[in-house]
Amino acid sequence: MSGTVIITGAAQGIGAAIAEKLAKNGMNIAINCINEAQVESNGNQLAQKLRGYGVEAECFIADVSDFEQCRIMVDAVKERFGTIDGLVNNAGITRDGLLVRMSEEAYDSVIAVNQKSVYNMMKLVSAIMIKQRSGKIVSLSSVAGVHGNPGQFNYSASKAAIIGMTKSAAKELGSRGINVNAVAPGFIETPMTDKLTEDQKQAILSAVAMKRYGKAEEVANVVAFLMSDEASYVTGQVIEISGGLSM
Ligand code: NAP
């Protein structure tokens, strides 16, 4: 697929791997970073690397939980690249803890970043795609959203919501030539999962059929397929990328 894709939370981890894969496939990349510090620590270096694949790449700052910041970013990307052909809703956070101890703030912040951001970005970008009568949207759900996970009440809620949003948007936007899908990774080695204790990591691994953690590149490969013309008749689907966890 050619054109331009916005990837939220793309400075590191799975988002950066998706950016690299899609750049190798010839897409221009709008790298969303949460703030200037992230642009300086990771974003600029990633953009430079992506340009090495012969595409255009630039960082755009927005806290994607904030609708107005998303609106300004989407306008800036459209202005800079002319079209927006793809959206990857990747930004996400965890604030894990048992339900009885979970603060309202921990619940609300995860819902705002993981779930509201998908409303913000899908609403703004789909309006552009409807006019173009084409586009691909892929959002990062999680196996926690499909099967639940103890200690992740807030995270599981946000990731389950993404599945409902994906299916509803696929039904609304299918006739306009827009594909909307989600991926549900299991345990992928990234800065997010580095935070887990060794005991938690071993417990997860014992339930994975392939007996290893996933790599960010393995998620990026599936996202790239869904963003490609090869997946032109796939919409409203949730593909698990978990090495056989939770079958
Ligand atoms: P990560 O390494 O923590 O990367 C997430 C990125 O999103 C970070 O750069 C983060 O910035 C950014 N971000 C957070 N809040 C944001 C906001 N409000 N606006 C803009 N950017 C924001 O996580 P990851 O492991 O690559 O995960 C990427 C996605 O995959 C997430 O949606 C996650 O839930 C999902 N996922 C991951 C796994 C896994 O095992 N790793 C499994 C299933 C699903 P800061 O660093 O400043 O917070």
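1. Start with the crossing of α1 and α9, which is right-handed in this predicted model. Helix α1 spans residues 13–24 and helix α9 spans residues 216–227. Their axes lie 8 Å apart and form an angle of about 50°.

2. Look next at who touches whom. From α1, the contact takes in Gly13, Ile14, Ala17, Ile18, Lys21 and Leu22. From α9 come Ala216, Glu217, Val219, Ala220, Asn221, Val223, Ala224 and Met227. Sorted by class, the contact of α1 with α9 holds ten nonpolar, two polar and two charged residues.

3. Helix α1 also packs on helix α2, residues 36–51. Here the axes come within 9 Å and cross at roughly 20°. So α1 is roughly parallel to α2, as the angle is under 35 degrees. This crossing is right-handed.

4. The contact residues of this second pair are Ala16, Ala19, Glu20 and Ala23 in α1, with Leu46, Lys49 and Leu50 in α2. By class, the contact of α1 with α2 has five nonpolar and two charged residues, and no polar ones.

5. Now turn to the ligand.

6. Which polar atoms lie by the ligand's oxygen and nitrogen atoms? A polar side-chain atom of Gln12 is 2.8 Å from a ligand oxygen. A polar backbone atom of Ile188 is 2.8 Å from an oxygen atom of the ligand. For Val64, a polar backbone atom lies 3.1 Å from a ligand nitrogen.

Notes: Residues are numbered from 1 along each chain as its sequence is written. This is a predicted model: local features need pLDDT of at least 70, side-chain atom pairs count only at pLDDT 80 or more; totals for chains, interfaces and linings use all residues. Side-chain values use heavy atoms; hydrogens and water are left out. Axes are lines fitted to C-alpha atoms, for helices over the stretch in contact, and angles run from 0 to 180 degrees between N-to-C directions. Helices (H or I, at least four residues) and strands (E, at least two) are DSSP runs, numbered from the N terminus. A crossing is left-handed if the near helix is turned anticlockwise from the far one by less than a right angle, and right-handed if clockwise. Contact means heavy atoms within 4.5 Å. Ala, Val, Leu, Ile, Met, Phe, Trp, Tyr, Cys and Pro count as nonpolar, Asp, Glu, Lys and Arg as charged, and the others, Gly among them, as polar. A polar contact is a pair of N or O atoms within 3.5 Å; within protein, one must be able to donate a hydrogen and the other to accept it, and residues adjacent in sequence count only if both atoms are side-chain atoms. Angles under 35 degrees count as roughly parallel, over 145 as roughly antiparallel, 65 to 115 as roughly perpendicular and the rest as oblique.
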